[in-house]
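Open the structure in your viewer and show it as a cartoon. The stops below say what to select next and what is there.

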Amino acid sequence: MTLVKTKIGRRSFIRTSALAGGGMMVGFSWLASCKMTPEEVNSLPKEWFDINGFLKIGDNGMVTIMSPNPEIGQNVKTAMPMIVADELDVDWKKVIVEQAPLNLEVFQRQLAGGSQSIRAGWEGLRMAGATARKMLKQAAAKAWEVPENEITTSNGMLYHEASNKSAGYGEMASAAVGVASPNDPPENIEVPEEVELKDIKDFTIIGTDRLNVDGPKIVTGKPLFGIDVQEEGMLTAMIIHPPAFGQTYKSMDVESIKSMPGIVDVFPVEVYPEGVEKQWSDGGGIAELVAVVGESTWQCMQAKKALKVEWESPSNLESTASYEEDLEKLIEAPVEAPARSDGDFNKAIKGAAKVIERTYSAPFLAHNTMEPMNFFANVTADKAEVKGPIQTPEFLEKTLSSVLGLPIDKIDVGMTRMGGGFGRRLYGHFGVEAAVISKKVQAPVKLVYTREDDMTQGTYRPAYKVRFKAGLDKDNNLIAWSVKGVGTNDDLVFENRFPAGAVDNYLAEKTSLQTKITTGAWRAPRSNFMAGAEQSFMDEVAELAGKDPIEFRLELFDRAIKDPVGPPEKNDYDPERYAGVLKLAKEKSNWGNTNDGKARGVSAYYCHNSYVAQVLDLTMDGNKPMVDKVVCAVDCGIVINPISAKNQIEGGIIDGIGHATYSQMTFEDGVPQQQNFDSYHLIRNSEAPKQIESYFVDNGIDPTGLGEPSLPPVIGALANAMYKATGKRVYNQPFILEKEIVG
């Protein structure tokens with residue numbers, strides 16, 4: 001058991017002096033979206049009591065737990081309440097989960113990004129549940145006139161064994177928050193300054209499979225996502241943006257469509273006027289566009305097709321050929337100073353017995369969320385209500401305050417569930433656009449992008465190029481390693497990751513190429529390319545050394561453990577945990593003992609504070625790799641919800657294989673050449689791995705990232721398996737277009 005100070009969000013523990021207005025919360029959960037059964041009606045509490053900002057307890061023992069972070073498919077809406085519920089010691093069947101409102105004073109980090117939601121919220125969520133449990137115990141101790149330390153809890157019940165007394169949480173909830181019962185004066189239970197957290201071995205909910213709390217609504221099509229929002233008097237808005245990156249608005253023929261059925265207004269929009277204080281999350285927006293507002297989506301789409309808009313090009317427009325040429329120049333050019341340098345790489349490489357150098361590249365990628373980009377806004381003279389699928393509600397709120405000239409407390413940002421994000425909804429310009437349009441037409445609007453709007457406006461995964469060079473001594477020991485990377489609007493290299501710390505002479509260099517094409521975070525930023533390139537090169541070096549690729553990696557981890565180069569704390573990773581997942585993947589894949597004719601590739605990578613190793617088996621169908629099986633070993637600390645964890649691992653693996661094999665965005669004179677799924681190849685069901693096995697290291701360490709870490713390494717495992725199958729290495733994504741494979 002661990003003692004912790006209740007330092008988080010003191011205001012979240014301010015108790016109400018009257019009955020909590022929790023009925024509205026229940027209305028969100030059930031009444032607004034589905035017809036209640038008689039049993040559900042009978043189970044509704046008559047009164048709810050705010051225990052703290054994270055949870056309410058009804059007089060019949062039902063518990064409402066807030067899920068503070070945006071739900072993007074990573075299952076935090078289920079996992080975060082599981083943590084609170086476990087510390088509260090309540091029956092999960094009596095828990096109602098609600099999306100919390102934006103309130104940073106209570107919930108702190110309300111952001112979906114970087115696979116950090118559970119890691120960042122772990123202590124606070126546990127504390128919220130533990131504090132509530134202690135307050136309920138204190139209430140019971142006062143009511144029964146017994147010592148608090150003799151009170152025990154289980155499944156939402158309080159017990160005092162010596163007196164044989166018991167009560168449900170609902171019976172003590174009013175006393176815990178100081179609400180008077182009809183016959184008794186109010187009790188004053190103070191918010192504890194210190195609470196005890198459970199021992200890991202005592203968890204009853206954490207570590208067990210729990211179904212997605214939104215599952216029934218998802219499969220039955222109940223309103224849940226941003227695209228489902230419907231409000232009285234709401235209009236539809238759509239946008240027309242410049243066809244090429246680098247162009248600006250010139251003019252349009254408005255009269256030609258104003259008479260079209262259902263069209264309310266058409267006007268140019270300056271999304272971020274001069275003087276607006278932009279947030280980092282506004283980076284992907286296009287400053288000037290045209291808005292079409294109408295009564296329905298169909299009417300707006302017809303008007304978009306008919307409207308003639310002129311755009312102009314103030315400067316040269318970019319093409320794929322030009323930026324690839326510029327990336328190549330930068331990878332050849334010297335950099336001002338290395339990001340990290342251990343030993344003397346140049347001297348060591350000159351004296352090496354064997355030297356190998358390889359260059360890898362990857363194109364721009366689109367996010368392609370399945371739910372179309374959308375946002376609702378209702379802006380009036382003195383307030384703004386907006387809601388929709390957004391990963392960064394806090395930053396959207398700040399931008400809107402600046403754009404609309406309203407104080408923060410007059411802006412209400414609601415978070416709906418998101419039909420995918422992968423980083424795309426970190427950039428909230430579409431929410432800003434909706435608000436600006438609503439203000440102009442003085443009506444509530446729902447902005448909706450078409451697939452083409454989103455795919456041709458960015459924000460894309462940057463294009464990358466990286467070059468590795470390694471040297472071996474006469475005994476085939478790795479004595480020198482360098483990495484030099486360049487990305488469009490992005491510096492690529494993680495200079496303190498493996499094999500830094502495991503090689504005597506190590507050199508890391510990075511630079512970036514500025515382009516007009518908007519770029520941003522894409523699932524596992526930078527790692528989504530670096531892992532595949534690094535792990536492919538690692539295999540080539542192992543082959544040059546005549547060593548098994550897993551044993552070669554383990555040798556390096558052993559060096560980083562026993563005799564690290566430089567201070568170990570300088571490295572981002574823990575070599576023992578790194579080696580641990582590789583050994584687990586080796587064991588579970590039966591590495592070295594198979595004879596089924598499959599080609600195998602291995603990979604291991606660290607990102608988002610977690611460790612993943614994978615062994616991939618495939619066969620080639622002509623020039624097309626068909627993945628038969630992926631064995632995946634993961635060290636992400638304590639697993640909250642195993643069934644969800646496996647889903648995330650499998651999703652990342654499929655996503656990584658698909659994009660590395662088939663996908664790319666190219667440009668001609670600033671115009672995106674892929675505008676929908678007929679030309680942008682996402683992985684099909686028939687191309688997904690036939691089997692994925694996931695294994696988790698059980699080490700009791702606090703949880704770390706899980707939404708992204710399985711994607712990056714699988715690209716390396718795929719490339720290495722393709723080499724085993726074909727005898728030819730792949731260096732450029734997408735692999736399906738690699739010239740050596742096409743033949």
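**The whole chain**

Start with everything selected. In this predicted model, 59% of the 743 residues of the protein chain count as buried. The chain holds 20 helices and 29 strands.

The C-alpha atoms fill a box of roughly 90 × 75 × 45 Å. Does the radius of gyration agree with a compact globule, or disagree? A compact globule with 743 residues would have a radius of gyration near 27 Å, and the protein chain has 28 Å, so the two agree.

Now show the surface. The protein chain exposes about 30100 Å², and carbon and sulfur atoms supply 48% of that area. If your viewer can draw contacts, look at those with a separation of 6 or more: residues 24 or more positions apart account for 76% of them.

**Stop one: α5 and α6**

Select residues 117-144, which form helix α5, and residues 169-176, which form helix α6. At what angle do these helices pack? The angle is about 90°, and the axes are 8 Å apart. Because angles of 65 to 115 degrees count as roughly perpendicular, α5 is roughly perpendicular to α6.

Show the side chains where the helices meet. From α5, pick Arg-133, Met-135, Leu-136, Ala-139, Ala-140, Ala-143 and Trp-144. From α6, pick Tyr-169, Met-172, Ala-173, Ala-175 and Ala-176. Colour the contact of α5 with α6 by residue type: eleven of its residues are nonpolar, none is polar and one is charged.

**Stop two: α15 and α16**

Move on to helix α15, residues 527-544, and helix α16, residues 549-562. They pack at an angle of about 100°, with their axes 9 Å apart. That angle makes α15 roughly perpendicular to α16.

Which residues of α15 and α16 meet? On the α15 side they are Gln-535, Met-538, Asp-539, Val-541 and Ala-542. On the α16 side they are Pro-549, Phe-552, Arg-553 and Leu-556. Coloured by type, the contact of α15 with α16 has six nonpolar residues, one polar and two charged.

**Stop three: Leu-44**

Finally, select Leu-44. It is in the loop between α2 (38-43) and β2 (48-52). How accessible is Leu-44? Its relative accessible area is 25%, so Leu-44 is partly exposed; buried would mean under 20%.

Draw a distance line between the two C-alpha atoms to end the tour.

Definitions and conventions. Residues are numbered from 1 along each chain as its sequence is written. This is a predicted model: local features need pLDDT of at least 70, side-chain atom pairs count only at pLDDT 80 or more; totals for chains, interfaces and linings use all residues. Side-chain values use heavy atoms; hydrogens and water are left out. Axes are lines fitted to C-alpha atoms, for helices over the stretch in contact, and angles run from 0 to 180 degrees between N-to-C directions. Helices (H or I, at least four residues) and strands (E, at least two) are DSSP runs, numbered from the N terminus. Angles under 35 degrees count as roughly parallel, over 145 as roughly antiparallel, 65 to 115 as roughly perpendicular and the rest as oblique. Contact means heavy atoms within 4.5 Å. Ala, Val, Leu, Ile, Met, Phe, Trp, Tyr, Cys and Pro count as nonpolar, Asp, Glu, Lys and Arg as charged, and the others, Gly among them, as polar. The radius of gyration is taken over C-alpha atoms; the globule rule is 2.2 Å times the number of residues to the power 0.38. Buried means under 20% relative accessible area, exposed over 50%, partly exposed in between (1.4 Å probe, protein chains only). Accessible areas come from the Shrake-Rupley method with a 1.4 Å probe; for residues, only the protein chains shown count as cover.
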